[in-house]
Amino acid sequence: MLRLDHVDVCYGSFKALSDISMTVDTGELVVLLGANGAGKSTLFKAISGLVRPASGDIRFEDKHLNDMKASAVVSAGVVQCAEGRELFPQMSVLQNLMMGAYVHRRDSAGNKKRLNEVLELFPILNDKADQPAGSLSGGQQQMVAIGRAMMSRPRLLMLDEPSLGLAPLVVKQMFEIIQQINSLGTTVLLAEQNAFAALKIADRAYVMENGHLVLEGDREMMLGNEQVRKAYIGA
Ligand code: ATP
């Protein structure tokens, strides 16, 4: 579904991504592990069309994403839920969710159906629909951010650190919802620092260090790998 071949990304003279080759297959839940600054967000931005690779190729199904505008990448079915949520705090929860439906603005029946599906995933947002998004708890705001991304009807959903800053109980709930989104048919690429929880729901994972991919494997391999356990799980 998604394929990166030898992708480099530079910020001026600084090379943030070096020779990244990876795949995400249809239906998978793939986790990207890495410390702060390893390059996870840059990788997501390159796939989303927000930064341009200096070299290499990014393909989603039959489309080359390298030179596509970010809005065209969303229309192609690749939607990112950015780190930090980036909601419109004064606008209502419902208005925030509907921002995600902009790419499908001519299909109001489809948007209504999708909204019902999103509210089934996040029932609490139904109760809070008319409240300003900024008045919600951190966990609820993260739900709005994921819900908004789902309103764009992604075939590949990219989640950047969805558990950041959330209480442990809310983190658990968030990973359950991500797993549910995946099992309902959306392919997921998930960047996480919370390695153990992320690996438990993953099919496969990649590990990034200093802009390089250094390890790849399925869930069992990653959970059993000593290097991964020492660096990311702490056991
Ligand atoms: P985090 O989880 O902290 O966001 P990350 O793994 O997502 O970390 P990136 O944000 O992709 O890492 O950053 C990778 C490297 O690129 C870091 O060294 C960072 O300082 C650098 N970097 C990121 N954005 C820019 C930018 N706009 N200009 C220059 N350097 C940048």
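## Exploring the pockets and the ligand shell

The largest pocket holds about 620 Å³ of space. This is a predicted model, where local features need pLDDT of at least 70, side-chain atom pairs count only at pLDDT 80 or more, and totals for chains, interfaces and linings use all residues. Residues are numbered from 1 along each chain as its sequence is written, and side-chain values use heavy atoms, leaving out hydrogens and water.

**Exercise 1.** Find which residues lie closest to the centre of the largest pocket.

*Solution.* Start with the term: on a 1 Å grid over the protein atoms alone, a pocket is an open set of points where a 1.4 Å probe fits, with protein on both sides within 12 Å along at least five of seven lines; lining residues have an atom within 4 Å of a point. Next, look among the 23 lining residues: Val74, Val79, Gln80, Arg148 and Ser152 are the closest to the centre.

**Exercise 2.** Work out which residues come nearest to the ligand.

*Solution.* First, take the 14 residues around the ligand (a heavy atom within 4 Å). Of these, Gly37, Gly39, Lys40, Ser41 and Thr42 come nearest. Then see that helix H1 (40-48), a DSSP run of H or I with at least four residues, gives the most to this shell, with three residues.

**Exercise 3.** Locate polar contacts (N or O atoms within 3.5 Å) of the ligand.

*Solution.* Begin at Asn36, where a polar side-chain atom lies 3.1 Å from a ligand oxygen atom. Move on to Lys40: a polar backbone atom there is 2.9 Å from an oxygen atom of the ligand.

Definitions and conventions
Grid points are joined across faces, edges and corners, and a volume is the space filled by probe spheres set on the points. A polar contact is a pair of N or O atoms within 3.5 Å; within protein, one must be able to donate a hydrogen and the other to accept it, and residues adjacent in sequence count only if both atoms are side-chain atoms. Helices (H or I, at least four residues) and strands (E, at least two) are DSSP runs, numbered from the N terminus.
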